[in-house]
Amino acid sequence: RLPLRRVAADYKGDIRARLPTPATRRNGKRVALVGAGPASLTVARDLAPAGYDLVLFDAEARGGGMIRTQIPKFRLPESVIDEEVGYILDLGVETRFGCRIDSMKALLAEGFDAIFVGSGAPRGRDLDLPGRREAAANIHIGIDWLSSVSFGHISRIGERVIVLGGGNTAMDCCRSARRLGGVDVRVVVRSGFEEMKASPWEKDDAMREDIPILNYMVPLRFTHDGGGRLTGVVLEKVMVRRDAEGRRELAPAGEPEIHMPCDDALVAVGQENAFPWIERDIGISFDRRGMPVVDQVTMRSTHPEVFFGGDSAFGPKNIIWAVAHGHDAAISIDKLCRGEDIRERPPPAVDLRSQKMGIHEWSYDNDISLLARLRVPHRDKFVALADIKSEVELGFDLKQAFAEAERCLNCDVQT
């Protein structure tokens, strides 16, 4: 249960004595980490205590990657990011922030024993629709816009905003727009509500802030006044049907086109990887989509010393996925540097961190409780919307957390 994990974090006190400590002896192996996001930080977390010399490269001034630049502060306060990233960097990781890697060939020439690429999916997909270029000043790529908001480059948006897309980025965009002057903010999605990629709680939070989600609508073109000012989006209503082989597809519903006025549009229809800095003649193969060919178990590319993880490996998904990749890659890099077969893996759920648990720590009371799940307290909507840095979810206090924990039968039972 994530709310209970948050309580443990909120009330944890000083945990540094329980964390790994910097290695007392180096093993002479050097590893480069490209990108300071969740995947690379996880590799650093696992390898640093084992004595590896780690060099972390990132174009930004601080670590965290997309969790710092693209997740709004009202969801994840910057102080939390600083603390968590700091625990890892304090293990003795050499940081080269403000340093963009422009050539994998040059990086390989520096003699690292292994290279891990965790650079994410830094490019948002665009919509090549009529009117896009003419009204470009008020049509924004979602992840780029969120980064500009995070760094304080953007502090206002028009009163009428349309967000195109149905993933978590779209939910972050619409909720951020509400806090930056958007009064009439709408989300337009081509799929049905249940098929949206956004997490259910993200959709709930958006609707709680009076943001309607309009499903089965496809943008056809942007409208403008002829002078470069966006005036709206023309949409087509679609419906689900089955083709001759029973496959699901979207088809026009036959209804008249809808012109939805707006002052700004945010395009959040997906993200793409961009690897112009990886030369194609150094032994790293790419597939037809421009993605590196990566082993899903070892995270190794077709180059024996180069590994990928997170969004840069298989495309955008989520932070937990990226962290899992980091653990797997750290095992592979450790085995590579030891001269062992990286295909020989430890048992599932085991990584480089050694953990043991006594029998009494597994004991639990199996009495079943029929208490309803508690709702996580939220900040007052009008207070939250007035400040983009004001955290929305307040979390349980200790009394609420204890009551919620009493509902647990066992941690692997979903109630």
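Among contacts in this chain between residues at least 6 apart in sequence, 67% join residues at least 24 apart. Contact here means heavy atoms within 4.5 Å. The model is predicted: local features need pLDDT of at least 70, side-chain atom pairs count only at pLDDT 80 or more, and totals for chains, interfaces and linings use all residues. Residues are numbered from 1 along each chain as its sequence is written, and side-chain values use heavy atoms, with hydrogens and water left out.

Start with the whole chain. Its C-alpha trace spans about 70 × 60 × 50 Å along the principal axes. Buried residues make up 44% of the 415. Buried means under 20% relative accessible area, exposed means over 50%, and partly exposed lies in between (1.4 Å probe, protein chains only). The secondary structure comes to 12 helices and 16 strands. These are DSSP runs, numbered from the N terminus: helices are H or I with at least four residues, and strands are E with at least two.

Five strands form an open sheet in the order 3-2-1-4-16, with parallel pairing. Its edges are strand 3 (94-97) and strand 16 (306-308), each of which pairs on one side only. Neighbouring strands are turned by 20 degrees against each other on average, direction ignored. Two strands pair if DSSP finds at least two bridges between them. Strand 4 (residues 114-117) is joined to strand 16 by 3 bridges. Here Val 117 stands opposite Phe 308. In general, strands of a sheet pair through backbone hydrogen bonds.

Helix 10 (residues 319-338) lies across strand 1, strand 4 and strand 16, at about 170 degrees to strand 4. Axes are lines fitted to C-alpha atoms, for helices over the stretch in contact, and angles run from 0 to 180 degrees between N-to-C directions.

Next comes the interior. In soluble globular proteins, nonpolar side chains tend to be buried together. A nonpolar core is a set of buried Ala, Val, Leu, Ile, Met, Phe, Trp, Tyr and Cys residues joined through side-chain atoms within 4.5 Å. The largest one has 49 residues, and Ile 115 and Phe 308 are among those with the most contacts inside it. Elements giving two or more residues to this core include strand 1, helix 2, strand 4, strand 16 and helix 10. Apart from it lies another core, of 26 residues, including Val 149 and Val 185.

Two loop residues are worth a look. Ser 103 sits between strand 3 and helix 5 (104-108). Its side chain reaches the backbone nitrogen of Lys 105 at 3.4 Å, and that of Ala 106 at 3.0 Å. Thr 298 lies in the loop between strand 15 (271-272) and strand 16. Thr 298 counts as buried because its relative accessibility is 2%. Leaving aside neighbours within four places in sequence, its contacts include Phe 307, Asp 328 and Arg 345.

Terms used: A polar contact is a pair of N or O atoms within 3.5 Å; within protein, one must be able to donate a hydrogen and the other to accept it, and residues adjacent in sequence count only if both atoms are side-chain atoms.
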